[in-house]
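Please look at the sequence and the model shown here. The text after them follows one part of the chain from element to element.

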Amino acid sequence: MNPPEEFRTARLVLRRPRLDDAEAIFASYAQDPEVTRYLTWPAHTELAQTQRFVASRLAAWESGEAYEWVITVPPLDEALGMIALRVQGHKADLGYVLARPYWGQGLVTEAAQAVTDWAFAQPDIYRVWAVCDVNNPASARVMAKIGMSYEGTLRRWTQRPGHEVPSDCLCYARTK
């Protein structure tokens with residue numbers, strides 16, 4: 001797999017993260033508990049956590065484990081969120097996060113559409129799927145808007161930081 005370093009959409013530039021993105025990621029969303037409440041990682045309490053996170057994402061790209069792009073709005077080249085594609089054989093799962101001031105503007109939908117379209121252009125990818133917490137309808141709407149269909153509820157699917165029991169998740173997918 002040879003993912004592009006950058007995607008350009010009508011309003012966005014999605015680009016491969018850099019170590020120097022850590023400060024903007026920390027400031028814009030990684031330390032915001034409202035943004036991270038449905039993610040698999042807790043809100044960061046110090047910049048060093050975000051620096052380690054970005055380094056791990058760069059290592060995942062190099063190993064082919066996951067490909068992630070920083071979401072930016074030109075002309076600024078500042079990280080407002082990220083979108084990930086994790087490829088496993090013939091399928092890939094999608095994940096995303098966006099700073100709260102940018103919620104409700106369709107930016108994640110636009111980013112997810114670009115990444116999903118690219119994934120389906122790959123000859124060996126037949127399924128792109130994603131999950132979201134049952135209490136996160138905004139994320140479910142993103143998945144539906146990019147052509148994914150609801151497949152079911154995965155009971156006790158994801159263990160969220162600070163929760164005693166795993167959360168139920170909605171599963172959406174698109175196939176070719």
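What follows is a walk through a few neighbouring strands and a helix.

The model is a predicted one.

E4 and E5 form a hairpin, with 2 residues between the strands. Gly89 lies in that turn and has a positive phi of about 65 degrees.

E5 also pairs with strand E6, residues 127-133. Here the strands run parallel, and 3 bridges join them. Asp93 stands opposite Trp129 of E6.

What do E5, helix H4 and E6 make together? They make a β-α-β unit, and it is right-handed. The helix in this unit, H4, covers residues 107-121.

H4 has 15 residues, and the distance from its first C-alpha to its last is 21 Å. That is close to the 21 Å expected at 1.5 Å a residue. Is H4 enclosed or open to the outside? Because 12 of its 15 residues are buried, H4 is largely enclosed by the rest of the structure. The buried residues of H4 include Leu107, Val108, Ala111, Val115, Trp118 and Phe120. Thr109, Glu110 and Thr116 are also among them.

Note on methods
Residues numbered from 1 in each chain as written. Predicted model: local features only at pLDDT ≥ 70, side-chain atom pairs only at ≥ 80, totals over all residues. Heavy atoms only, no water. Pairing = 2+ DSSP bridges. Helix = DSSP H or I, 4+ residues; strand = E, 2+ residues; numbered from the N terminus. Right-handed = clockwise from strand over helix to strand, strands pointing away. Expected span 1.5 Å × (residues − 1). Buried < 20%, exposed > 50% of the residue type's maximum accessible area, 1.4 Å probe, protein only.
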